Amino acid sequence: MALMKHGLGEAAICRIANAIGHVDPLFDGKLFTRMALQGLDELELKQRVSHIIRCLHHCLNKDFVAMSQLLVAIVPIWQRHQTSEPHAGFAAWPLIDYVAEYGLDEPKIALETLKQLTSLFSAEFAIRPFIVRYPDICHRYFLSWVHDDCEHVRRLVSEGTRPRLPWGLRLTEFVVDPTPNLVLLSVLNNDPSVYVRRSVANHLNDIAKDHPNVVLKICYEWQANASPYTQWIIKHATRSLVKQGHPEVFNLLGYNQNLALMPVQLLIAQQQLEMGQALEFEFALCLMGQTEQACVVDFAIDFVKSNGKTNNKVFKLKNIRLRPREALHFKKSFSFKKISTRQYYAGLHQLSILVNGNKVASQTFMLQAP
C-alpha cells in the first residue's frame with residue numbers, strides 16, 4: 001500500500017483544490033492545500049482519505065445539500081482534467097467518501113450524488129454505510145440502477161453490494177443471506193461491459209465462500225442458453241470452487257468427472273522431511289478412453305493443525321488436454337519453509353492428486369520438527 005498512498009499526495013491535493021475552485025469561486029484553495037498537506041506524509045492510504053475529508057469540510061463549511069450540489073458540479077470539470085499517472089484516480093476518493101461521512105442522514109440526496117460521482121473513481125466504499133442503515137431504500141435504487149446506461153453505475157450495484165469487498169465495510173446481512181443481491185446480479189449476468197461482468201463474477205465468488213451451493217444453483221440456471229458474456233461470468237465466478245475441488249463445479253464447467261484413467265502412481269522423494277525442506281513428488285496421467293478430455297489437475301495437502309487435526313488445502317497444478325493413451329508426466333515440489341501466511345506443525349500429512357475434483361492418488365508423509 002506504500003505506493004498506492006502516493007496517489008493521495010501533493011498532486012492529488014492540488015487537483016482537488018483546482019476542481020473545487022472551478023465551481024466555487026469563494027473556496028480558499030490555498031488554505032485547503034496547506035491544511036491537507038500538513039502531516040500527510042505520516043499517514044497511510046485510508047488515513048489520508050479521512051484527513052482530506054476533514055480538511056474539505058473545514059474549508060467549505062457547507063450543509064450537505066449544498067455540498068452535494070458542489071460535488072456533482074465537479075464531475076465534468078474532473079473528467080476534462082484526467083491524467084495517466086499511476087493511482088491518479090485516488091484523488092477523487094475523498095470527494096466520494098465525503099458523502100458517506102456527512103450525508104448519512106440524507107440517504108436519497110446522498111445516493112443520487114454517489115451515482116453521479118462513481119465514474120470518477122468508484123463509490124463502492126462510500127455506498128456501504130447507506131446499505132447497512134437503509135437497506136430497503138438502497139435496494140429500490142439498485143433495481144433501477146442495474147438498467148442505467150452508464151457502466152460505472154451498473155458496476156456500483158454489483159461492487160457496492162459485495163458481501164466481502166476487500167478494504168470495504170463487511171455487509172454481514174448479505175454474508176448470511178445473499179438473496180437480495182442475486183436479484184440484482186441476475187439482471188447484470190449478460191452485461192456488455194467487461195468492467196461490470198468482472199464485478200459480477202467477483203461478487204459471486206464472494207458468496208461462494210459462504211454459500212457454495214447457492215452460487216452453483218444460480219450458475220446452473222444461468223447456463224441454460226447462456227451467451228458468451230454469461231459463460232465468462234460463470235467461469236470466473238466459480239474459480240474458488242474449482243480450486244477447492246468442489247465436485248459439482250466440474251460438471252457445471254463441462255469437465256468429465258468419470259474419466260477412465262490408468263491407475264495413478266504417486267511417488268514421493270522423501271517419506272520423512274523436516275521443517276524448511278521441500279516435498280518433492282511426481283506422477284503420470286494416462287487416459288484409457290477414446291476421446292480427448294479437458295482436465296483440471298490439482299494437488300492437495302492435509303496439513304496438521306496445532307490441535308492435531310488436519311485441514312485440507314488445494315493447490316493449482318495445471319489445466320491440460322489429455323489425449324487417449326498419451327501419458328503426461330508431472331513433477332512438483334512444495335516448500336515447508338516458514339512463511340507469514342501459514343504455520344506448519346509436525347505430524348503425519350497426506351498428499352493427494354485431484355483430476356477434475358476427484359482424488360486419483362494419495363500418499364502420506366511425516367513432517368518432523370527440526
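The legends below describe close-up views of a predicted model.

**Figure 1. Overview of the protein chain.** The predicted chain holds 17 helices and 8 strands. Its C-alpha atoms fill a box of roughly 80 × 55 × 35 Å along the principal axes. Of the 370 residues, 48% are buried. Take the contacts between residues at least 6 apart in sequence: 69% of them join residues at least 24 apart.

Figure 2. Ala73 belongs to helix 5, residues 64-79. Ala73 is partly exposed, at a relative accessible area of 32%. Met262 lies 189 residues from Ala73 along the chain, and their C-alpha atoms are separated by 68 Å. Asp177 counts as partly exposed, with 38% relative accessibility. Between Asp177 and Ala346 there are 169 residues along the chain and 39 Å from C-alpha to C-alpha.

Figure 3. How many disulfides does the model contain? The count is 0. A disulfide needs two cysteine sulfur atoms within 2.5 Å. For Cys14, the closest cysteine sulfur is that of Cys55, 13 Å away, so the distance is too far for a bond. Cys55 is in no disulfide either, with its nearest cysteine sulfur, in Cys59, 6.5 Å away. Is Cys55 buried or exposed? Cys55 is buried, at a relative accessible area of 4%. Cys14 is partly exposed, at 29%.

**Figure 4. Packing of helix 7 on helix 9.** Helix 7 spans residues 107-117 and helix 9 spans residues 135-145. Their axes lie 11 Å apart, at an angle of about 35 degrees. The crossing is right-handed. Helix 7 contributes Pro107, Lys108, Leu111, Glu112 and Lys115 to the contact. Helix 9 contributes Ile137, Cys138, Tyr141 and Trp145. By class, the contact has 6 nonpolar and 3 charged residues, with no polar ones. In general, an α-helix has 3.6 residues a turn, so residues three or four places apart point the same way.

Figure 5. Ser193 sits in the loop between helix 12 and helix 13. Ser193 is buried, with a relative accessible area of 8%. Which residues does Ser193 contact, leaving aside its neighbours within four places in sequence? They are Glu151 and Arg154.

**Figure 6. Helix 13 and its surroundings.** Helix 13 has 15 residues. From its first C-alpha to its last, helix 13 reaches 21 Å, close to the 21 Å expected at 1.5 Å a residue. The helix is mostly covered, with 12 of its 15 residues buried. Among the buried residues are the nonpolar Val196, Val200, Leu204 and Ile207. Arg197, Asn202, His203, Asn205 and Asp206 are also buried. Which helices do the buried residues of helix 13 pack against? The partners are helix 10 (151-160), helix 12, helix 14, helix 15 and helix 16.

**Figure 7. Helix 14 and the residues it buries.** Helix 14 runs over residues 212-223 and has 12 residues. Its first and last C-alpha atoms are 16 Å apart, close to the 16 Å expected at 1.5 Å a residue. Val215, Leu216, Ile218, Cys219 and Trp222 are buried in this helix. These buried residues pack against helix 12 (179-188) and helix 13 (194-208). They also pack against helix 15 (228-237), helix 16 (239-244) and helix 17 (247-252).

Figure 8. Asn225 is exposed, with a relative accessible area of 81%. Where does Arg325 lie? Arg325 lies in the loop between strand 5 (310-322) and strand 6 (327-335). Arg325 is not a glycine either, yet has a positive phi of about 65 degrees. Arg325 is exposed, with a relative accessible area of 56%.

How values were computed. Residues are numbered from 1 along each chain as its sequence is written. This is a predicted model: local features need pLDDT of at least 70, side-chain atom pairs count only at pLDDT 80 or more; totals for chains, interfaces and linings use all residues. Side-chain values use heavy atoms; hydrogens and water are left out. Buried means under 20% relative accessible area, exposed over 50%, partly exposed in between (1.4 Å probe, protein chains only). Helices (H or I, at least four residues) and strands (E, at least two) are DSSP runs, numbered from the N terminus. The expected span of a helix is 1.5 Å times one less than its number of residues. Contact means heavy atoms within 4.5 Å. Axes are lines fitted to C-alpha atoms, for helices over the stretch in contact, and angles run from 0 to 180 degrees between N-to-C directions. A crossing is left-handed if the near helix is turned anticlockwise from the far one by less than a right angle, and right-handed if clockwise.
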